[in-house]
Every structure is written in structure tokens, then in C-alpha cells.
Amino acid sequence: PGDKSVSHRAVMLAAIAEGTSHIDGFLEGEDTRATARILGQLGVSIEAPSEQRRLVHGVGLHGLQGSREPLDCGNAGTGMRLLAGLLAAQSFDSRLVGDASLSRRPMKRVIDPLARMGARISAQPGDLPPLTIHMSNGLQAIDYELPVASAQVKSAILLAALFARGETRVVEPHPTRDYTERMLQAFGWPIEFRPGEARLSGGHRLISTDVTVPADFS
């Protein structure tokens, strides 16, 4: 089966790219399908011509549309954290919800850096989901050192940074998987990265590309 982390990122980046991206090897799991359904709620047309294939008709960096319904991540912690970064800069409110298990997982580590960038995120007591992400007034780049290494938190910051003014730099106490950095580069976004550090500036665009998701090697 396709790698779950890569599948999440592939469909998200394809959604905000310009043009149609073909994804082969997409993991047919509840978590990744939840992310694809949420992107559909946000106005992205996603076709599934066959098992493990998705055609994503990207809407561009500023083409997402708000949904009146909650965005249900199911049990997908990766989906919720990365979507928090993606939605932090949007011109509409969003509400991210999850199942009972996900609703017990604190989101403080992703809320704090996004708030430093100017995002307005409301959570339940203890920084638990559901998360309400309020309409953005614009994000500002940050220089952020993660207190705990996390590919999910790093990725949420980098996704928010696509929309931010200035250059964002993320430093980790030790290197984590760099799927997001490599995929941003593949979609045409100028990004510099090395083990434990990544930096990028807002104001560019993502161009559709074809993605072959490797087998799960996590």
C-alpha cells in the first residue's frame, strides 16, 4: 500500500497547485480519504478513476472555498495538523473535527507557531480538538525552533508559510522526514532545506505535477 504521509501531502499540495495532478499509489485508507473529502468540501474536484489513483484539479494557492459544514478528519492526526497550517491563511472560517480518539490529542504544538504567524485558532480546554480556524488577516513569516522534533508540526508551519509575508525558517532539534520539503520542490516552490532545517518565502505558486506514492516505508 502507498505511504500514508506522502498520500496526505500529495493530495493537499495538488489541491492548491495550478492545473491537474495525477497521483498514483494513493493509500486507500480512512485517514487519507478523510483528507481528500475535506479538500472536496473546500471546492477541490478530485476524481478516483480507479483504486489508488486520484486526479486532483488544483484551484491554485488562493482558490479554496469555505465550507459551512465541519471538516471531519476522522482519526487522522496528520490530516488535522497539516490542514490547520493550510487553513490558517484562508479568508474564511473552518472547523476541524475528529473522532473520539483524535479529540483527545492536544494540538498546542501546532497552534502555538501558527498563532505566532498571526493565525487565530480556537480549541477546546487543554488545546484539544475540535479546532476553529478563524478568517485570516494575513500571516507573517517566522523563524521557529521546534521544541520537539515533529514532521507534522514542521509541515503545518511550511504550509502556512506559503501564504505568509517574508521568509520562514524552521529548525528542528534533530531531523525528521522531509517529505513536505521534497514535494514542495517537486511542485515548483522555491525552498531551501537540509537535515533539520528548512526555509521558504511566500508569494510563489505551485504547479501541478504527477506523483507516484511509494510503498509505506515509515
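Which residue in E9 does Glu-145 stand opposite? Glu-145 stands opposite Val-171. We will come back to that pair.

Some ground rules. This is a predicted model, where local features need pLDDT of at least 70 and side-chain atom pairs count only at pLDDT 80 or more, while totals for chains, interfaces and linings use all residues. Residues are numbered from 1 along each chain as its sequence is written, and side-chain values use heavy atoms, with hydrogens and water left out.

Now the whole chain. The protein chain has six helices and twelve strands. Helices (H or I, at least four residues) and strands (E, at least two) are DSSP runs, numbered from the N terminus. The radius of gyration is 16 Å, close to the 17 Å that the globule rule gives for 218 residues, so the chain is as compact as a globular protein of that length. That radius is taken over C-alpha atoms, and the globule rule is 2.2 Å times the number of residues to the power 0.38. Along its principal axes, the C-alpha trace spans about 40 × 35 × 30 Å.

How much is buried? Of the 218 residues, 52% count as buried. Buried means under 20% relative accessible area, with a 1.4 Å probe and protein chains only.

On to the first sheet. Strands of a sheet pair through backbone hydrogen bonds, either parallel or antiparallel. Here four strands form an open sheet with mixed pairing, in the order E2-E3-E1-E12. Two strands pair if DSSP finds at least two bridges between them. The edges are E2 (45-47) and E12 (211-212), each pairing on one side only. Helix H1 (residues 4-15) packs on this sheet, touching E1 (18-24), E2, E3 and E12. Contact means heavy atoms within 4.5 Å. The direction of H1 makes about 35 degrees with that of E3. Axes are lines fitted to C-alpha atoms, for helices over the stretch in contact, and angles run from 0 to 180 degrees between N-to-C directions.

Look at E3, residues 53-59. Three bridges join E3 to E2, and the two run antiparallel. Ser-45 has His-57 as its bridge partner there. Seven bridges join E3 to E1, also antiparallel. On that side, Asp-24 partners Arg-53. The hairpin of E2 and E3 has five residues between the strands, and Gln-52 takes a positive phi near 65 degrees.

Last, the inside. The largest nonpolar core has 67 residues. Such a core is a set of buried Ala, Val, Leu, Ile, Met, Phe, Trp, Tyr and Cys residues joined through side-chain atoms within 4.5 Å. Among those with the most contacts inside it are Ile-23, Leu-83 and Leu-184. Leu-184 touches residues including Leu-13, Trp-189 and Leu-206.

Why is H3 called largely enclosed by the rest of the structure? Because eleven of its eleven residues are buried. Gly-77, Arg-81 and Leu-87 are among them.

Note on methods. Buried means under 20% relative accessible area, exposed over 50%, partly exposed in between (1.4 Å probe, protein chains only). Lists of a residue's contacts leave out its neighbours within four places in sequence.
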